[in-house]
Amino acid sequence: MPHADHHPLPPPLRAARDDTPYHPRPFRAAWWLRHPHAQTVAGRLLRPLDLMPLERERVETTDGDFIDLDWTPEPERAGADAAPIALVLHGLEGSARRGYAYLTYRELARVGIRGVGLNFRSCSGEPNRLPRFYHSGDTGDLREVLALLRDRHPQRRILAVGFSLGGNVLLKYLGEESDGAALDAAVAVSVPYDLDAGERHLQRDPVSRFYVRHFLESLQAKAAAKGEALNDACDVPRIHAARSFRDFDDAATAPLHGFRSAEHYYQDSSSARFLRRIRRPTLLIHALDDPFLPPEALPRDQVRDNPWLSAAFTQHGGHVGFIGGPPWRPRFWAESEAARFLSTRMEPAA
């Protein structure tokens, strides 16, 4: 099990974007994957798995449930107990052992950062104990894990990379905590910044509704696995009758997590409204053709107004796609760019 470090606190990181300009490397979508749905589906199918061994650690939460963490080995190029730690947050119905997580761990290790994946409740292969799940605005578990990492490794940089739903959670946390955030820098990839706009956008596209059906089947199966535990908290038949995210969120997410309705959940949990309060160097990676969010919902004004935010908004890339290169050697730009950004933000301030 990872152990605690006992060294003096490190010096503060460089602060604002203007102090250390960041210029993302250009992304060129693979010629054979120009369509956003092709990028999205290929991103799921082509990313390799099991790139490195992972050590699982179970963390008991303060409410009597548990979270599973997946730790990578210490990177070879860093000294013992010296490497920064980057927490990786997965997307909806993913896990810390998805392809994009493994690729992120590998890219982090190349720049001397140790990765650890946070599995949201019920996503590590074992149902969680309580009559609840996880959602796009649930920052409580992230907050607990970061407190654990800070207590255990006080001298290390603590960084984070979030994908899709995990990126929304990450950005909302950074905005909630603002100057008090227990992170030194962060990257968020393919975030649904406006949950209401994203849900409506998915419903308008017949192909995108295929993704919705896929996710709903997984979510409904988890609800069924809890059996009678949910009966007192929500309308279980409505959960299984849901045909859209809005239906499911109105029947399950809202009542299980203290929201009045799906609309209340979307309004309260959308990360766009928290971006102006972020006070840590943060990179936003997003494709304008992301099928999970209309391009007009991208937070351009917030990026312009907040010097702590850097944007790598690309014309193409789909949702957590960002695949370049030839078919026999695809390249995954987002994970590489995330690690590069974090490595440039590890220099102490003058």
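This is a predicted model: local features need pLDDT of at least 70, side-chain atom pairs count only at pLDDT 80 or more; totals for chains, interfaces and linings use all residues.
Local features need pLDDT of at least 70 and side-chain atom pairs pLDDT 80 or more, while totals for chains, interfaces and linings use all residues. Residues are numbered from 1 along each chain as its sequence is written, and side-chain values use heavy atoms, with hydrogens and water left out.

**Exercise 1.** Determine how the axes of helices α8 and α9 cross.

*Solution.* Helices are DSSP runs of H or I with at least four residues, strands are E runs of at least two, and both are numbered from the N terminus. Helix α8 covers residues 245-256 and helix α9 residues 262-269; their axes come within 8 Å and cross at roughly 90 degrees. Axes are lines fitted to C-alpha atoms, for helices over the stretch in contact, with angles from 0 to 180 degrees between N-to-C directions. The helices are therefore roughly perpendicular, a term for angles of 65 to 115 degrees.

**Exercise 2.** Identify the salt bridge that joins E263 to R246, and state the accessibility of each residue.

*Solution.* A salt bridge requires a side-chain nitrogen of Lys or Arg within 4 Å of a carboxyl oxygen of Asp or Glu. For E263 and R246 the N to O distance is 2.8 Å. E263 lies in α9 and R246 in α8, 17 residues apart. At 39%, E263 is partly exposed, whereas R246, at 15%, is buried. Buried means under 20% relative accessible area, exposed over 50%, and partly exposed in between (1.4 Å probe, protein chains only).

**Exercise 3.** Locate the partners of the salt bridge between R114 and E74.

*Solution.* Their closest N and O atoms are 3.2 Å apart. R114 lies in strand β4 and E74 in the loop between β2 and β3, so the pair ties together parts 40 residues apart in sequence.

How values were computed
Angles under 35 degrees count as roughly parallel, over 145 as roughly antiparallel, 65 to 115 as roughly perpendicular and the rest as oblique.
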